[in-house]
Amino acid sequence: MFAADAASRGLGIELREQGEGTATLRMTVTPAMVNGHGIVHGGYVFLLADSAFACACNSHGPVTVAAGADITFVAPAYEGDELVARAEELTRYGRSGLYDVTVRRGDEVIAQFRGRSRSIRSTRPEES
C-alpha cells in the first residue's frame, strides 16, 4: 500500500518498519512545510501520523481506511527536523480498529494521534 501512496512519498516520507498492527515512518521538515510562525504546519504532522496509522491498520491484509482521527500537538517542529511517527494497534473488533501514533523529534514528543479504522471491500466505488 505505501508504495502506491504518492502523497506520502512525494513529501519524502519513508517507511522504516512495518509489522502486525505497527509501523514506523520518517519525514524531514522542508522549507515548504513551515508556516508563517516559522514552525511546521500541523497538517504535515497530521499527514505523517496518518500515513503511519494507514500502514499499521493495513498490515493485516484487508483494505482499511480511516473512520476518524484526532491529534494533539505537544511541541513545535522546525525546518530541518527529522520527525518519526510510530503507530501501534490498540485493538481490532469486527471491521473496526483503534490505533495510537506518537510523533517524535528524537526523544521529544511532538504530537499524539489517535486513529479509528474501518475495513472495507474496496477503494473503488464500482467494486464496493
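I count a residue as buried when its relative accessible area is under 20%. I am working from a predicted model.

**Entry 1: Ser96**

I find Ser96 in strand β5. Next I checked what Ser96 touches, leaving out residues up to four places away in sequence. The list is Thr91, Ser117 and Arg118. With Arg118 there is also a polar contact between the side chains, at 3.1 Å.

**Entry 2: the sheet**

In what order do the six strands of the open sheet lie? I read β1-β2-β4-β5-β6-β3, with antiparallel pairing. The edge strands are β1 (14-19) and β3 (64-73), and each of them pairs on one side only. As a reminder to myself, strands of a sheet pair through backbone hydrogen bonds.

**Entry 3: strand β2**

I followed β2 (residues 22-28) to both of its neighbours. Five bridges pair it with β1 in the antiparallel sense. Within that pairing, Glu17 stands opposite Thr24. Leu15 has Leu25 of β2 as its bridge partner. β1 and β2 form a hairpin, with two residues between the strands. Gly21 sits in the turn and has a positive phi of about 75°.

Towards β4, I count seven bridges, and the two strands run antiparallel. Here Arg26 stands opposite Val84 in β4.

How many of the seven residues of β2 are buried? Six are, so β2 is largely enclosed by the rest of the structure.

**Entry 4: helix α2 on the sheet**

I then turned to helix α2 (residues 42-57), which packs on the sheet. It touches β1, β2, β3, β4 (82-93), β5 (96-105) and β6 (108-119). The direction of α2 makes about 150° with that of β2.

**Entry 5: aromatic pairs**

I looked for ring pairs and got three aromatic pairs. I wrote up two.

Phe46 and Phe113 form an edge-to-face pair, 5.2 Å centre to centre, with 65° between the planes. Why does this pair tie together parts that are apart in sequence? Phe46 lies in helix α2 and Phe113 in strand β6, so the pair spans 67 residues of sequence. I checked the accessibility of both rings' residues. Phe46 is partly exposed at 29% relative accessibility, whereas Phe113 is buried at 1%.

Phe53 and Phe113 form a tilted pair, 5.6 Å centre to centre, with 50° between the planes. This pair also links distant parts of the chain: Phe53 is in α2, Phe113 in β6, 60 residues apart. Phe53 is buried, with a relative accessible area of 1%.

Which residues do the ring pairs link into a cluster? They are Phe46, Phe53, Tyr99 and Phe113.

**Entry 6: the record**

Last, I checked the annotation. The unreviewed UniProt entry places "domain: Thioesterase" at residues 37-109. Over that range I read 22% helix and 47% strand. The end C-alpha atoms of the range are 20 Å apart.

How values were computed:
Residues are numbered from 1 along each chain as its sequence is written. This is a predicted model: local features need pLDDT of at least 70, side-chain atom pairs count only at pLDDT 80 or more; totals for chains, interfaces and linings use all residues. Side-chain values use heavy atoms; hydrogens and water are left out. UniProt positions are given in the numbering used here, feature names are shortened, and annotations may be inferred rather than shown by experiment. Helices (H or I, at least four residues) and strands (E, at least two) are DSSP runs, numbered from the N terminus. Two strands pair if DSSP finds at least two bridges between them. Contact means heavy atoms within 4.5 Å. Axes are lines fitted to C-alpha atoms, for helices over the stretch in contact, and angles run from 0 to 180 degrees between N-to-C directions. Rings of Phe, Tyr and Trp (its six-membered ring) pair if their centres lie within 6.5 Å; planes under 30 degrees apart count as stacked, over 60 as edge-to-face and the rest as tilted. Buried means under 20% relative accessible area, exposed over 50%, partly exposed in between (1.4 Å probe, protein chains only). A polar contact is a pair of N or O atoms within 3.5 Å; within protein, one must be able to donate a hydrogen and the other to accept it, and residues adjacent in sequence count only if both atoms are side-chain atoms.
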